[in-house]
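Reader: Please take a close look at a single part of this model and describe it in one connected answer.

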Amino acid sequence: MLKQILTSLLLLVACDILAQEKILMAFPITDYIVEKDSIQIVQVLLPEGITIPEKTMGVLRRVYSTADTSTAMIANGRCQLIKGRYHYFALRSDKPGQKPAAGNLLYTNAQVPGVFQGPLFNVIKHGIVLQSVLDTNIVSLERVIPLKSKSDEKHILDELVQDVRFTGTEMAKQQTVPDVQIKTGPYKGKTIFTAMQAVTVPEVENFLKYIAARPAKYAGNTWKFSEIMATWMDAGAPTVIE
């Protein structure tokens, strides 16, 4: 009986630790922005399964674009109000003239019980969405949060592989873009379209790890996965040393 009680207590502690785990994540703010003196009130809408406790600190950052490549911090503050899935942060900027704008990324510690923290999660926690060449979402917060294991993750990784292979095959057929030879890295000597047609799950994982390690350019944006992976391959496929 004592052994059963101890086992139950350990399970409760383990579940509590899992529920309490906080993960640094980024969420786009909505267009609800209220300025009050030197304070800006901004709003984030969280998907089901994610919570941010009141008084949690947050930092607001710009999102990379071709027109404005800055990803600098805009303001910082705390979560002051929660209404259902809407969370309101009171922020203050230490630089005059910096104003929040819809789509800016709020980085904060969120609670995501039970999520599998693999390559896909480590990408989407930066507010990144990855699409197919046909504009359908393959990797998004809503698709990745329910994943609980490596095997759960694999079917989405397979979708990414198929998308890259399909894109490489179709572009080779259409020949609307030159099939250039890769000059450096593990794909050196191959053409882009040939390399794309032979992509594997480990190669996709290497690219996802690279995004997670250098998220500034990708964070808060929606990308066609096959296009950005082809760019990475052509650039020598830099990888993360683990």
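Is Phe207 buried or exposed, and what is its relative accessibility?

Author: Phe207 counts as buried, because its relative accessibility is 0%; buried means under 20% relative accessible area, exposed over 50% and partly exposed in between, with a 1.4 Å probe and protein chains only. This is a predicted model, in which local features need pLDDT of at least 70 and side-chain atom pairs count only at pLDDT 80 or more, while totals for chains, interfaces and linings use all residues. Residues are numbered from 1 along each chain as its sequence is written, and side-chain values use heavy atoms, with hydrogens and water left out.

Phe207 belongs to a set of buried residues in α6: Val201, Glu203, Val204, Glu205, Phe207, Leu208, Tyr210 and Ile211. Helices here are DSSP runs of H or I with at least four residues, strands are runs of E with at least two, and both are numbered from the N terminus. The buried residues of α6 pack against α2 (119-124), β8 (129-131), α4 and α7, where contact means heavy atoms within 4.5 Å. The 13 residues of α6 should span 18 Å at 1.5 Å a residue, and the end C-alpha atoms of α6 are 18 Å apart, which agrees. The expected span is 1.5 Å times one less than the number of residues.

Now the rings. The structure holds six aromatic pairs. Rings of Phe, Tyr and Trp (its six-membered ring) pair if their centres lie within 6.5 Å; planes under 30 degrees apart count as stacked, over 60 as edge-to-face and the rest as tilted. In one of the pairs, the ring centres of Tyr187 and Trp232 are 6.5 Å apart and the planes are at 70°, so the pair is edge-to-face. Tyr187 lies in the loop between α4 (150-174) and α5 (192-197), whereas Trp232 is in helix α7 (residues 225-234), so this pair ties together parts that are 45 residues apart in sequence. Both Tyr187 and Trp232 are buried.

Phe207 itself forms an edge-to-face aromatic pair with Tyr218, at 6.5 Å centre to centre and 80° between the planes. Since Phe207 lies in helix α6 (residues 201-213) and Tyr218 in the loop between α6 and β10 (222-224), the pair ties together parts that are eleven residues apart in sequence. Tyr218 is buried too, with a relative accessible area of 11%. Ring pairs link Phe207 and Tyr218 into a cluster with Tyr187, Trp223, Phe225 and Trp232.
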